[in-house]
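Visitor: I'd like to learn how to read a protein model. Could you walk me through this one, feature by feature?

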Amino acid sequence: MAAVKSSTALVLREINGPLTIEEVGLDGLRPDEAKVEIHASGICHTDLSCMNGTIPAAVPNVFGHEGAGIIVEVGSHITDFQVGDKVFTLLPPLHQLHRLQKRDVAYCDNFTALNFGGTRPDGTHPLHTSTDKKPCNSHFFGQSSFMRTAIVNHSTMVKVPQDTDLGLCAPLGCGLQTGAGCVFNTLHVSAGDSIVIFGVGTVGLAAAMAAKMAGASTIIASDLSEARMALALELGATHTVSATMPYIVGEVRKICSPLGVRFAIDATGNAQVIENMLAMLAPRGKAASVGVPKIGTTAKVDIFDLLVLGKELVGCCQGGSDPQQFLPFLMQAQKEGKFPFEKLIKYYPYRKFEQARDEKGGGCQASLALELMAIHPTLFAR
């Protein structure tokens, strides 16, 4: 098979601007890289946050970090993958990370540069624009999946069975594993526990499903959207509390009387939500922050309350997951009906990305998947 030297991609030319469908040139493969024909890619709020400037990003740029596809070319040092394998593309290149512990594969002291820097770790660009031949920022989370053929680092790939529905499973790469992983890997929720989840979009709904799997007896979903909270009840929540309620701390403590809630997750990135979340925790309660805020956002903490009641607030990135182990677990749970994330997926053809982006940014409760192979290549390139 001849080497793929170019690809159609969704390119952001200016922050808060539209995405344009362009042909981009592909660099030659490094020994530890592969080219993956992307069949579907989830759309995550982190993608949108980079596009609108909430998270700083250089342009032009190709985003996307919930890819699923088929390998079409492998580098010379790759021996555990071959052409034709189905893979998920996710997370940064783990062998580049300076990890404190081997199991903490989601955390890195150079996380921002590796995932948002727009280049390989050595500063080179895998892509260039076809119009002016200038470097195009990419390598987003080691991949950039908003394109037909992506150059991905070996360590970003997870091999999946050949019968895997790539369109269905693409959003597992970030949002779904983040919510579920926070429950299982960061908070370690178990049978009989209580938990409140603020923000029940993809991440929060995944957390609700996981909490049900873990056996939590009280699962409270809180959101501005009544539709989202209704879906949360369908998927495992036992109670809902509107985020518009003025005395939300007291309402949650009433449900979890008399001491408060054992666990809490914030999937909004809102400082006031985090402050409320800490106030409603029971003694020795633990809260996790998974929502992405604007860089520099701060929240007030009652240090005395934290101290004398032994409360904890931790950050949780990518669900604290090892995707090589955790994603097969979630896929099996879905097959068994225990993690029915298929109820969250809404599909869009690649060329309707702007509509998908508007729905995601506007509070759509669905996990959105771009179908990169759902249209004829000649139409795709128009």
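Predicted model: local features only at pLDDT ≥ 70, side-chain atom pairs only at ≥ 80, totals over all residues.

Visitor: How many bridges join S10 to S11, and do they run parallel or antiparallel?

Guide: Residues are numbered from 1 along each chain as its sequence is written, and side-chain values use heavy atoms, with hydrogens and water left out. Helices (H or I, at least four residues) and strands (E, at least two) are DSSP runs, numbered from the N terminus. Two strands pair if DSSP finds at least two bridges between them. Here, S10 and S11 are joined by five bridges and run parallel. Ser-194, for example, has Thr-218 in S11 as its bridge partner.

Visitor: How does the chain cross from S10 to S11?

Guide: It goes through helix H5 (residues 202–214), in a β-α-β crossover that is right-handed. That word applies if, with the strands pointing away from the viewer, the path from the first strand over the helix to the second runs clockwise.

Visitor: In what order do the strands of the open sheet come?

Guide: The order of the six strands is S12-S11-S10-S13-S14-S15, with parallel pairing. Strand S12 (239–242) and strand S15 (312–315) are the edges, each pairing on one side only. On S10's other link, four bridges join S10 to S13, and Val-196 has Ala-264 in S13 as its partner.

Visitor: Are the residues of S10 buried or exposed?

Guide: Buried means under 20% relative accessible area, exposed over 50%, and partly exposed in between (1.4 Å probe, protein chains only). In a regular strand the side chains alternate between the two faces of the sheet. In S10, five of the five residues are buried, so the strand is largely enclosed by the rest of the structure. On one side sit Ser-194, Val-196 and Phe-198, and on the other Ile-195 and Ile-197.

Visitor: How do the axes of H4 and H10 cross?

Guide: Axes are lines fitted to C-alpha atoms, for helices over the stretch in contact, and angles run from 0 to 180 degrees between N-to-C directions. Angles under 35 degrees count as roughly parallel, over 145 as roughly antiparallel, 65 to 115 as roughly perpendicular and the rest as oblique. The axes of helix H4 (residues 175–187) and helix H10 (residues 323–335) come within 11 Å and cross at roughly 100°. The two are therefore roughly perpendicular to each other.

Visitor: Which residues meet there?

Guide: Contact means heavy atoms within 4.5 Å. Among those taking part are Leu-176 and Phe-184 in H4, and Phe-326 and Leu-330 in H10.

Visitor: Which peptide bonds are cis, and where is phi positive?

Guide: Most residues other than glycine have a negative phi, and most peptide bonds are trans. A cis bond joins Val-59 and Pro-60, with omega about -5°, and another joins Ser-257 and Pro-258, with omega about 5°. Pro-60 is in the loop between helix H1 (45–51) and strand S4 (67–74). As for phi, His-139 has a positive value near 55°, and Arg-284 has one of about 65°.
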